[in-house]
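Here's a quick tour of a protein model, written for someone new to reading structures. Have a look at the picture first, then work through the points below.

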Amino acid sequence: MSQESALLSKFKLGNIELKNRVVMAPMTRSRAFTENIPHEKASLYYKQRASAGLIITEGTQVSPQGIGYLWTPGIYTREQIKAWEKIVNEVHDAEGKIFLQLWHVGRISHPDLLGGMQPMAPSSIKALGKTFTQNGWQDLAEPKMMTRQDIKQTIDDFRKAANNAREAGFDGVDLHGAFGYLIDQFIQTGTNIRTDEYGGNIQNRSRFLLELIESVLEVWGDYKVGIKLSPSNRFNDMQDDNPKENFFYLIDKLNDYKLAYLHLMEPQTDVSELNGYVTNVAEYFRPIYKGTIISNAGHSFESGESFINSNKADLISFGSLFISNPDLVNRFRNSYPLTQPDKKTFYGGDERGYIDYPEYTE
Ligand SMILES: Cc1cc2nc3c(=O)[nH]c(=O)nc-3n(C[C@H](O)[C@H](O)[C@H](O)COP(=O)(O)O)c2cc1C
């Protein structure tokens, strides 16, 4: 199988040689228990998965204001940078490549997670939903509408975090523009009713992301910054008046930048609930975006092969399967059976379900 496999073939991402086209999707594991510093076993966790062509780390906050979940890591303190450096070194020693996912949750938060601060978002529109805090489950809080100064500051926080990621030795960075977090909140109409240059038409609603890209590219240079988008995802109470046309505009606009990749999620809900949304995301946006596309969500080895062979994507990312199959690439190569992940150990808890999934042995 390996000789003919498209997924297992090499790929050149800018000037980075990927040994295969299997990407580990970013996954929060909520084990950064102390001061949002990655867990001491995180280096082992990522190293175990370094046979992926590319690892994209769990979402990592660019600032204390960007936190939306307990025990998620950041990259804004010295200790955090040092812990990430150790992780990167382990992955590089195992001949892997690793990008850091930069994250700001915007309105998906609560003052208990922010040292008493109110969450910030493009507009003061509260999301339906709850979040788990040190004081138990709480309704998501009403966010404060960001001032121009807040926007400037946040872009600066991303720039600094990108710089810290360079210092830690990463191969590049990923901007979390999916799932209804801050970047997505600017893009979509249900969360952005601003009347200044960051709201209104899609040109204005794209401005925050494009300014972020420019600022992070200045730190990293061409083909070292990727972005994840979920144009057909309603998670986190997201809504858009015209998602097809809006994401068409934005994704076409991304052609102006030398990005490492565009990571696109297929819808994860029943497509009959997605009236007006694109339901075949990679296929629909492939002719529009001229750069590298990573396709995500629900892939198997077979669907990954088929997406690459039919030119819907260049790379395929796997999320939950990478949790329970650290040697996913080898299992694909040898047609070994896959282990299904235990969802109970996805977030928080101890080392069980984190670093104890074994490699396959015959
Ligand atoms: C435990 C868990 C944590 C996740 N955390 C993140 C995250 O931090 N950032 C992100 O962009 N996506 C996150 N995701 C979504 C995955 O990156 C991926 O889009 C999703 O799991 C679908 O891919 P799959 O069907 O191969 O699992 C998470 C998914 C899981 C299962």
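Predicted model: local features only at pLDDT ≥ 70, side-chain atom pairs only at ≥ 80, totals over all residues.

Residue numbers start from 1 along each chain, as its sequence is written.

- Helices (H or I, at least four residues) and strands (E, at least two) are DSSP runs, numbered from the N terminus.

**The whole protein**

- You'll find 11 helices and 14 strands in the protein.
- A compact globule of 362 residues would have a radius of gyration near 21 Å, and the protein, with 19 Å, agrees with that. The radius is taken over C-alpha atoms, and the globule rule is 2.2 Å times the number of residues to the power 0.38.
- Along the principal axes, the C-alpha atoms fill a box of roughly 60 × 45 × 40 Å.
- Of the 362 residues, 48% count as buried. Buried means that 20 or more other C-beta atoms lie within 10 Å of the residue's own, exposed means 12 or fewer, and partly exposed is in between, with C-beta atoms placed from the backbone.
- Take the contacts in the protein with a separation of 6 or more: residues 24 or more positions apart account for 73% of them. Two residues are in contact if their C-beta atoms, placed from the backbone, lie within 7 Å.

**Helix α6**

- Helix α6 covers residues 207–220, and at 1.5 Å a residue its 14 residues should span 20 Å; the end C-alpha atoms are 20 Å apart, which agrees. The expected span is 1.5 Å times one less than the number of residues in the helix.
- Which residues of α6 are buried? They are F208, L209, L212, I213 and V216.
- Looking down the axis of α6, you'd see its buried residues within an arc of 130°, so they line one face of the helix. The arc is that of the directions from the helix axis to the C-beta atoms.
- Here's the general idea: an α-helix has 3.6 residues a turn, so residues three or four places apart point the same way.
- The buried residues of α6 pack against α3 (148–168), β10 (172–177), α4 (182–187) and β11 (225–229).
- After α6 comes G221, with a positive phi near 85°.

**Helix α9**

- In α9 (residues 301–309), the buried residues are F301, G304, E305, F307 and I308.
- They cover an arc of only 165° around the axis, which puts them on the same side of α9.
- The packing partners of the buried residues of α9 are α8 (281–285), β13 (293–296), β14 (315–318) and α11.

- L328 sits in helix α11 (residues 328–334). Why does L328 count as buried? Because it has 23 C-beta neighbours inside 10 Å.
- Leaving out residues up to four places away in sequence, L328 touches V22, F318, L321 and F322.
- N325 is in the loop between α10 and α11, and its 24 C-beta neighbours inside 10 Å make it count as buried.
- N325 and P358 are 33 residues apart along the chain, yet their C-alpha atoms are separated by 7.4 Å.

**Positive phi in a loop**

- Most residues other than glycine have a negative phi.
- S30, though not a glycine, has a positive phi near 50°, and N36 has a positive phi near 55°.
- S30 lies in the loop between β3 (22–24) and α1 (42–48), and N36 is in the loop between β3 and α1 too.
- Buried or exposed? S30 counts as partly exposed, with 17 C-beta neighbours inside 10 Å, whereas N36 has 21 and counts as buried.
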